[in-house]
Amino acid sequence: MHPHEQLLRRFYQAFQRRDYAGMAACYHPQATFEDAAFQLQGADIGKMWRMLCERGKDLRLAYNDLHADDHAGRATWDARYTFSQTGRKVHNHIRARFTFQDGLILTHHDEFSFWRWSRQALGPVGWLLGWSGFLQNKVRKSAAEGLAAYRPKLSQ
């Protein structure tokens with residue numbers, strides 16, 4: 001097995017345990033992360049995973065189709081959890097792409113159907129507006145504000 005594939009396995013196994021420190025250790029110090037809710041760099045990536053792992057009390061995660069070589073990697077993963085803002089159940093299917101540097105994750109990009117996610121997480125509002133850039137921008141802003149508000153708790 002390629003070392004980068006082992007790295008991705010270690011990352012997702014840590015995620016399954018909600019071990020945010022183990023997840024953060026898989027990233028290069030200059031890493032970037034992007035999905036429909038977050039665009040982050042460096043240490044903020046680990047802070048995001050900490051927030052999500054600590055809030056995701058019922059989070060269940062499964063991963064598969066993990067492949068990596070010297071330059072790039074990919075995985076498919078499914079998250080099942082209760083969305084904390086609405087109390088609604090979510091099953092999110094994600095396709096992840098990675099690049100590597102110095103044996104660590106340099107770029108991580110998660111893609112999923114925002115409309116499918118918003119229908120589950122937000123209910124009728126997500127069903128009506130989940131396709132719109134307006135709702136996506138609102139979710140990004142809310143996620144950034146949530147992470148900023150969470151930061152003071154991280155130092156405790």
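**Ground rules.** I am working from a predicted model, where local features need pLDDT of at least 70, side-chain atom pairs count only at pLDDT 80 or more, and totals for chains, interfaces and linings use all residues. Residues are numbered from 1 along each chain as its sequence is written, and side-chain values use heavy atoms, with hydrogens and water left out.

**Sheet.** I traced an open sheet of 6 strands, order β2-β1-β6-β5-β4-β3, with mixed pairing. Strands are DSSP runs of E, at least two residues, and helices are runs of H or I, at least four, numbered from the N terminus; two strands pair if DSSP finds at least two bridges between them. β2 (39–41) and β3 (60–68) are the edges, each with a single partner strand, so one side of each has no neighbour in the sheet. I then looked at β1 (residues 27–34): 3 bridges join it to β2, antiparallel. Thr32 sits opposite Gln41 in β2.

**Helix on the sheet.** I found α3 (residues 43–55) lying across β1, β2 and β6, at about 60° to β1. Axes are lines fitted to C-alpha atoms, for helices over the stretch in contact, with angles from 0 to 180 degrees between N-to-C directions.

**Tyr20.** I placed Tyr20 in helix α2 (residues 20–24). Buried, exposed or partly exposed? Tyr20 is partly exposed, at 25% relative accessible area (buried is under 20%, exposed over 50%, partly exposed in between; 1.4 Å probe, protein chains only). Beyond its neighbours within four places in sequence, Tyr20 is in contact (heavy atoms within 4.5 Å) with Trp49, Arg50, Cys53 and Glu54.
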